[in-house]
Amino acid sequence: MSKKRAVSAKHAELSVKLSSRGVARLQGRHPWVYRSDVDLVGANAEASDVPHGSVVRVFDPRGKFLGTALYSSSSQIAIRMISHGSVADLPALVAERIRAAIAYRKELVSNTDAYRIVFSEADFLPGLIVDRYNDVLCLQILTQAMDSAPVRAAIVQTLREELQPEGIVERVDPRIRELEQLPPRPSGLLQGEKSSTVISMNGGRMNGDETNGVRFHYDGLEGQKTGAFLDQRENYAATAQYAHGEALDAFCYQGGFALHLVAKCSSVTGVDSSRPALEMAENNATLNAREIEWIEGNAFDLLREYAAANRRYDTIVLDPPAFAKTKRDLEKALGGYKELNLRAMKMLRPGGLLVTCSCSFHVSGADFLEVVADAARDAHKSLRVVENRGAAKDHPMLLNVPETNYLKCLILIVSN
Ligand code: SAH
């Protein structure tokens, strides 16, 4: 038996006992249990003895075995369930789950070479995110257990075997490593030579026409994240279906919506406060041989000015950053969404299209509908909900894990 195996076998001996509240969380099929509901038991009961990212056996207060979890010595989320049975070999289980996640995408994702391959809890791999950008894969590791050397090796090997990428890039979020008490490490290539590429999404037959798809530059090692927001991919295509006339894409980033609107609209303007994002958006427009007007500025101010100047549009997209990062921000966030939506509604011509999004997990689907309805009342407009959408299918939502349901995208038509 190799040394590595001996160590992981020892880790597998570690146990935790949950409070009845912790047990209730698991029975509700949520994989997380907070530290206040977790007691370490057995030989390694001292928290300081527990190695980073241990695999622990989980018991209820009476000693009934509930399954196996990944343990974090620093996060408030002390355990994340990985199996309802025993786990002898974590790297092998991770490899198997990655293969299952890839198979799921093969079934459900089409017309794109850019999509999420592994989405953490939603793929039963807590703390691992892998995105495919054509021939370059980008992975992010967010928990202690996924960061261990044997698990990392299994992740890279499985991705290589299954997808044969030209490069695998790791993007490190230093803040998360600090929170998880993991040693700092740089972003960089883990495998292969290639870290930048061109992706193409929503090609194939769309709305009855054969299309080549919309192309975007991707660079996994650029300071700022590049590429498109993969979770919005199907919303881009849905929006393109109804878009017409003069269009405004507010919070356009590198042009995800704008570049999808341009084939259907007489003119498209994109607004964002980030100059580097707009420079990349212009590169993307050139790549697609399209013309779009980009404006650097605060979208709130611009909408206010344009509304005051009686500017009118036929299509407006609102895709702001998450306004509510915590529950405490909720009221303020709702105020922000209301203001934006109200201004956009006032600027839309009759029959106009409003595509309005929220990626704040703390704003529920019901909250968001209510705030948009509230804006419509104040704007004296009736709007029809053409589609009530969420994230693309490669970002699966787990029914009992509300955290996996964060993106809302309403497609509305102003009816008078
Ligand atoms: N719609 C984009 C994603 C938007 S992400 C896509 O599909 O690709 C949110 C964007 O809002 C970021 O690019 C950020 O730079 C921009 N942003 C944040 N605050 C802003 C503000 N007050 N005015 C304009 N843009 C803002």
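Predicted model: local features only at pLDDT ≥ 70, side-chain atom pairs only at ≥ 80, totals over all residues.
Close-up 1. A backbone N or O atom of S273 is placed 3.1 Å from a nitrogen atom of the ligand. The protein covers 84% of the 580 Å² of accessible area that the ligand has on its own. From F251, a backbone N or O atom likewise lies 3.1 Å from a ligand nitrogen atom. D272 takes part through its side chain, a polar atom of which is 2.6 Å from an oxygen atom of the ligand.

**Close-up 2. The shell of residues around the ligand.** The ligand is surrounded by 15 residues, of which Y236, F251, D272, A299 and D319 are the closest.

Close-up 3. Helix α2 spans residues 20–27, and its residues G22, V23 and L26 are buried. Viewed down the axis of α2, these buried residues fall within an arc of 100°, so they line one face of the helix. An α-helix has 3.6 residues a turn, so residues three or four places apart point the same way. The buried residues of α2 pack against the strands β1 (15–18), β2 (32–34), β4 (55–59), β5 (65–71) and β6 (77–83). Exposed residues S20, R21 and Q27 are carried on the face turned away from the buried side of α2. Just after α2, R29 adopts a positive phi of about 65°.

Close-up 4. Beyond its neighbours within four places in sequence, T315 is in contact with A243, H244, E246, A247, L248, L261, L348 and L353.

Technical notes
Residues numbered from 1 in each chain as written. Heavy atoms only, no water. Contact = heavy atoms within 4.5 Å. Buried < 20%, exposed > 50% of the residue type's maximum accessible area, 1.4 Å probe, protein only. Helix = DSSP H or I, 4+ residues; strand = E, 2+ residues; numbered from the N terminus. Arc of directions from axis to C-beta. Near = heavy atom within 4 Å. Polar contact = N/O pair within 3.5 Å; in protein donor to acceptor, adjacent residues only side chain to side chain. Areas by Shrake-Rupley, 256 points an atom, 1.4 Å probe, with all protein chains shown as cover.
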